[in-house]
Amino acid sequence: MTTKIFEDKPGSYALLNGDEAVARGATQAGIKVAAAYPGTPSTEILEALAEGAKDLDIYAEWSINEIVAAEVAIGASMTGVRAITSMKHVGLNVAADAIMTAAYTGIEGGLVIVVCDDPALHSSQNEQDTRYFAVHAKLPLLDAGNPQEALDMAHKAYEISEKLRLPIILRLTTRVAHGKARVKLGEFQRLERKPEFDKDSTKWVMVPANAIRQHRVLESKLSEAKKESENSQFNLVEDNASDIGIIGSGVGYYYARSVLDTSEFSWLKLGFVYPFPSELIKTFASKVKKLIVIEELRPYIEENIAGLKIDFMGKNELGLEEIGEFTPDKIRTALAKLHLTTKPENLQQPPNLPPRPPVLCPGCTHRAFYYALNRIHQSVHCENDKCVGCSICEYACSFEKEGIFNPLKSRIRTARINATNLAFTCRACIDAPCVKACPQEALTQSKQTGLIKVDEAKCIGCDWCIEACPHGALNLHPTTHKPLICDLCNGKPKCVSLCPESALSLRGKTDDKIVAGDIGCYTLGFLPPLKAMQTCLCMGGGISQAAGMIHAGVKDKVFAVIGDSTLFHGGMPGLLNIVYNKANVCVIVMDNSIVAMTGHQPTPGSGKTAMGQNAKTINIESIAQAVGIEKVITVDPYDLETSIQALREAISYEGPSVIIAKRSCPLLIQRGPPREIKKSCNGCKVCTETFGCPAINQTGSKAEIDTALCRGCGVCEEVCPFDAIGRKK
């Protein structure tokens with residue numbers, strides 16, 4: 001056995017987190033099939049099962065998404081073997097269709113659905129309370145408050161499931177899932193079950209006639225489930241003959257016990273929370289004069305107690321929110337309001353450190369492609385604190401374009417405003433006002449580059465464009481009286497290269513396009529300095545959101561960013577939809593061939609299964625073409641110029657298109673030679689203020705590379721406009 005989680009030593013102890021404890025409990029119960037999709041904080045359940053699968057004769061898989069995982073587990077259960085499926089709370093939403101109907105069909109072999117809620121949104125886009133889903137789905141729910149309970153509940157749930165012939169939901173929260181504790185191990189059940197399927201379609205085929213009958217069967221099962229909850233070993237009563245009784249569930253219950261003298265109160269720990277054990281509550285409440293309820297997130301217990309017409313004190317009286325997670329200090333502060341304990345003294349304040357927001361890793365392929373995305377449209381940027389007003393940029397421009405040193409014929413202008421020097425030129429505005437203002441339609445704006453072109457044959461020199469420019473960047477030629485507009489010198493502006501103070505640089509734009517996003521490492525692209533993404537709704541949602549924007553009337557190309565695993569998970573229907581409904585959307589697939597954010601689990605594109613077996617490598621380009629995408633381009637995101645060209649092609653293309661930015665996650669490949677800043681660095685800040693690699697910092701007037709962080713990808717060499725970055729010697 002490769003892991004101590006599954007050692008066959010009943011009665012011994014192991015240090016396990018809640019996820020590992022669930023895996024142990026499920027294997028003790030003799031499961032045969034396990035299916036899941038990675039999602040923090042539930043990921044480690046399937047990881048642990050996959051690690052021990054071969055020795056334990058278990059089949060474990062990373063399914064394509066949560067509903068597929070649920071369906072795999074349900075299918076296995078239909079044959080009489082025990083199965084488990086696990087997911088985070090938002091994954092439960094994806095699996096809901098299958099799980100809601102599985103309550104009607106019931107099960108043959110025991111089936112446990114493990115759901116990990118995430119109070120305080122440590123790694124999620126919302127907070128949910130799965131206890132309410134259990135009520136909605138009419139499925140019994142066990143609520144674990146520590147790793148030992150997680151193990152015991154995972155084991156016992158199979159007995160309950162098969163007794164009721166219903167799937168059982170086992171709920172953990174982040175602190176339980178990831179918190180470690182000393183856990184007592186139990187015996188492995190040796191089940192010899194031959195998988196057999198009962199072909200009675202009236203039980204499994206949920207057409208209305210069958211479903212209405214099964215609904216009545218479900219209600220009778222819930223009546224039996226309520227009897228189970230009233231007498232469950234997981235609903236623990238500690239009667240200390242006190243006038244004050246405390247009811248709690250989850251980790252909040254144990255926080256309360258940690259801050260109070262437990263002997264001075266009576267306690268009821270609810271572990272089997274749905275169906276709600278109302279008779280147990282009534283009996284407990286009758287023995288105390290004051291009842292206090294402590295539960296994270298929504299007031300599930302409170303609402304049920306209120307329905308019993310029992311007085312209690314809950315979130316309102318304790319000053320506890322439905323938002324975020326509990327801590328011992330929060331519970332102590334709340335109970336201090338009732339004079340049951342003292343307020344926390346000398347709360348340990350976090351050290352006064354600078355903020356450390358999440359960030360894309362050094363060498364991340366996503367950063368490189370986002371940088372290319374921002375460089376579709378560029379303009380000359382001036383660092384005002386560097387500009388000395390020398391006007392050399394004007395002379396350089398006029399000579400390059402007109403063959404004469406005459407600032408009046410320059411496309412860039414300098415000025416002094418309030419003792420500040422600055423240089424400014426055309427910024428290639430979105431929906432450029434100068435273009436709209438031209439009465440002769442002599443100005444046009446390139447979709448590909450955003451640059452403004454002047455048709456001198458049409459231009460009459462009316463200077464309306466000059467008046468319309470919000471930046472004062474345009475000027476009329478002194479001789480031809482045609483507007484002078486920067487064309488970036490084919491991407492290598494002379495003004496930038498000849499500025500003696502390095503005050504000028506060529507920079508991309510972050511606000512010139514709509515980019516609908518998705519969930520994964522690449523979501524961090526919304527943060528500065530990239531600021532390359534504007535939405536994040538749900539897995540696969542970005543593609544359909546982008547389509548909705550197009551159908552709402554947005555005229556320009558809309559981009560949708562999605563990862564390879566997320567495309568397999570929930571993006572393929574959206575991809576098919578933009579083909580069928582003719583949405584002018586460019587889908588960018590960030591393909592690093594791994595589920596990077598949750599710990600590098602394999603995907604259908606990785607060629608490996610959860611159990612380490614070789615598998616067919618699914619080609620995303622083939623999928624895109626198969627659903628009808630005619631414009632499919634695959635690029636290496638480290639190749640910035642090729643990526644930019646692909647993006648510009650997509651902008652010009654009318655109809656749905658796909659760009660696949662394919663390169664392995666840098667954490668999975670050998671580190672390349674580190675880069676260093678050359679002496680020629682002029683401190684232009686492009687590498688730090690527009691590219692934003694965490695390995696590069698601005699120290700004084702120059703950049704500096706931390707070689708311990710540098711992955712050696714070399715993209716910064718392409719980014720630097722002055723060739724001031726190279727391999728470390």
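The structure is a predicted model, in which local features need pLDDT of at least 70 and side-chain atom pairs count only at pLDDT 80 or more, while totals for chains, interfaces and linings use all residues. Residues are numbered from 1 along each chain as its sequence is written, and side-chain values use heavy atoms, with hydrogens and water left out.

**Domains**

- The chain is divided into domain 1 (3–230), domain 2 (236–337), domain 3 (365–374 + 510–668), domain 4 (378–508) and domain 5 (675–727); such bounds come from an automatic or database domain assignment.
- The centres of domain 3 and domain 4, taken over C-alpha atoms, are 34 Å apart.
- Ten residues of domain 3 are in contact with seven residues of domain 4, where contact means heavy atoms within 4.5 Å.
- The size of an interface is often given as the accessible area lost when the parts come together.
- Between them, domain 3 and domain 4 bury about 750 Å², with 46% of it on carbon and sulfur atoms; this buried area is the accessible area (1.4 Å probe) that two parts lose on being put together, summed over both.

**Nonpolar cores**

- A nonpolar core is a set of buried Ala, Val, Leu, Ile, Met, Phe, Trp, Tyr and Cys residues joined through side-chain atoms within 4.5 Å.
- Buried means under 20% relative accessible area, exposed over 50%, and partly exposed in between (1.4 Å probe, protein chains only).
- The largest nonpolar core has 115 residues, and L170, L172 and I292 touch the most other members.
- Helix 6 (residues 147–164) gives the largest share of this core, eight residues; helices (H or I, at least four residues) and strands (E, at least two) are DSSP runs, numbered from the N terminus.
- Domain 1 (3–230) and domain 2 (236–337) both contribute residues to this core, so the core lies between them.
- Another core, of 72 residues, lies apart from it and has A368, I623, V686 and C720 among its members.
- Leaving aside residues up to four places away in sequence, L172 touches residues including G18, V22, V114, C116, A144 and A177.

- Seven strands form an open sheet in the order 3-2-4-5-7-6-12, and the pairing is mixed; two strands pair if DSSP finds at least two bridges between them.
- Strand 3 (59–62) and strand 12 (272–274) are the edge strands, each pairing on one side only.
- From one strand to the next, the twist averages 20 degrees; axes are lines fitted to C-alpha atoms, for helices over the stretch in contact, and angles run from 0 to 180 degrees between N-to-C directions.
- Strand 2 (residues 33–36) pairs with strand 4 (residues 83–88) in the parallel sense over four bridges, and A34 stands opposite I84 in strand 4.
- Helix 6 packs on the sheet and touches strand 4, strand 5, strand 6 (141–143), strand 7 (168–173) and strand 12, with its direction at about 165 degrees to that of strand 7.

- Another open sheet has four strands in the order 9-11-10-13, with mixed pairing.
- Its edge strands are strand 9 (236–238) and strand 13 (290–294), each of which pairs on one side only.
- The twist here averages 15 degrees from one strand to the next.
- Strand 9 and strand 11 (residues 266–270) run antiparallel and are joined by three bridges; E238 stands opposite W267 in strand 11.
- Helix 11 (residues 278–286) packs on this sheet, touching strand 9, strand 10 (244–249), strand 11 and strand 13.

- Strand 15 (residues 413–417) and strand 16 run antiparallel, joined by five bridges, and T414 stands opposite A423 in strand 16.
- Four of the five residues of strand 16 (residues 420–424) are buried, so this strand is largely enclosed by the rest of the structure.
- Two residues lie between the strands of this hairpin, where N418 takes a positive phi near 50 degrees.

- Most residues other than glycine have a negative phi, and most peptide bonds are trans.
- The peptide bond from T40 to P41 is cis, with omega near 15 degrees; P41 is in the loop between strand 2 and helix 2 (43–56).
- The peptide bond from P528 to P529 is also cis, with omega near 5 degrees.
- L488 has a positive phi near 65 degrees and, at 5% relative accessibility, counts as buried.
- H600 has a positive phi near 65 degrees and, at 26% relative accessibility, counts as partly exposed.
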